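User: Hello! Could you show me how to read aromatic pairs and burial in a protein model?
Analyst: Happy to; let us look at the model together.

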Amino acid sequence: MLQNGFDVTGFFFNPNIHPREEFEKRRDTLSQYSLLKNFPVIYSDVYMEKEYSAKGEKDCSFCYEIRLEATAKLAKEEKYDCFSTTLLISPYQDHEKLKEIGQRMAEKYGIPFFYRNFRPEFRRSQALAKELGLYRQKYCGCTYSIP
Ligand code: SF4
């Protein structure tokens, strides 16, 4: 969707995806997809062997914050025009919280946060992944979200 109007670079930063095999599956799937769709991706290998959370329980705000902070910082350093997050396509994530944190990071690093509600495309994205034979995650990511 973003390739229609933007020159997109992906950034894989998922330090709290557990277990490590799941982290690797998601990373490798992004790599497959980026080759199919022809866009570059920057990969972060930051990984926390132990689950971490400021509260010692599921803390999505904290999780959003570390992701958006790393993205804003990198985007600014590498002179991109703006930054965003794939979390915005998920019907399970809190858009108001994402907007608030994205805006805060935009101010902190001096680079705009691009917001769009991608949720209406969620089903289509799932169908596309299936059609392309890509791995689809079964849970959000951290140990607290493993069913
Ligand atoms: S449930 Fe998902 S968004 Fe919330 S803390 Fe876990 S990985 Fe992050």
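Analyst: We start with burial: a residue is buried under 20% relative accessible area, exposed over 50%, and partly exposed in between, using a 1.4 Å probe and protein chains only. This is a predicted model, where local features need pLDDT of at least 70 and side-chain atom pairs count only at pLDDT 80 or more, while totals for chains, interfaces and linings use all residues. Residues are numbered from 1 along each chain as its sequence is written, and side-chain values use heavy atoms, leaving out hydrogens and water.

User: What share of the 147 residues is buried?
Analyst: Buried residues account for 37% of them.

User: How do I describe a pair of aromatic rings?
Analyst: You give the distance of the centres and the angle of the planes. Rings of Phe, Tyr and Trp (its six-membered ring) pair if their centres lie within 6.5 Å; planes under 30 degrees apart are stacked, over 60 edge-to-face, and the rest tilted. The whole structure holds 8 aromatic pairs. In one of them, F11 and F13 are stacked, because their ring centres are 5.8 Å apart and their planes meet at 25°.

User: Are F11 and F13 buried or partly exposed?
Analyst: F11 is partly exposed at 26% relative accessible area, whereas F13 is buried at 14%.

User: Which arrangement do Y33 and F39 form?
Analyst: Theirs is edge-to-face, with 6.0 Å centre to centre and 70° between the planes. Y33 is partly exposed at 27%, while F39 is buried at 15%.

User: Which residues form an aromatic cluster?
Analyst: F12, F23, Y43 and Y47 form one.
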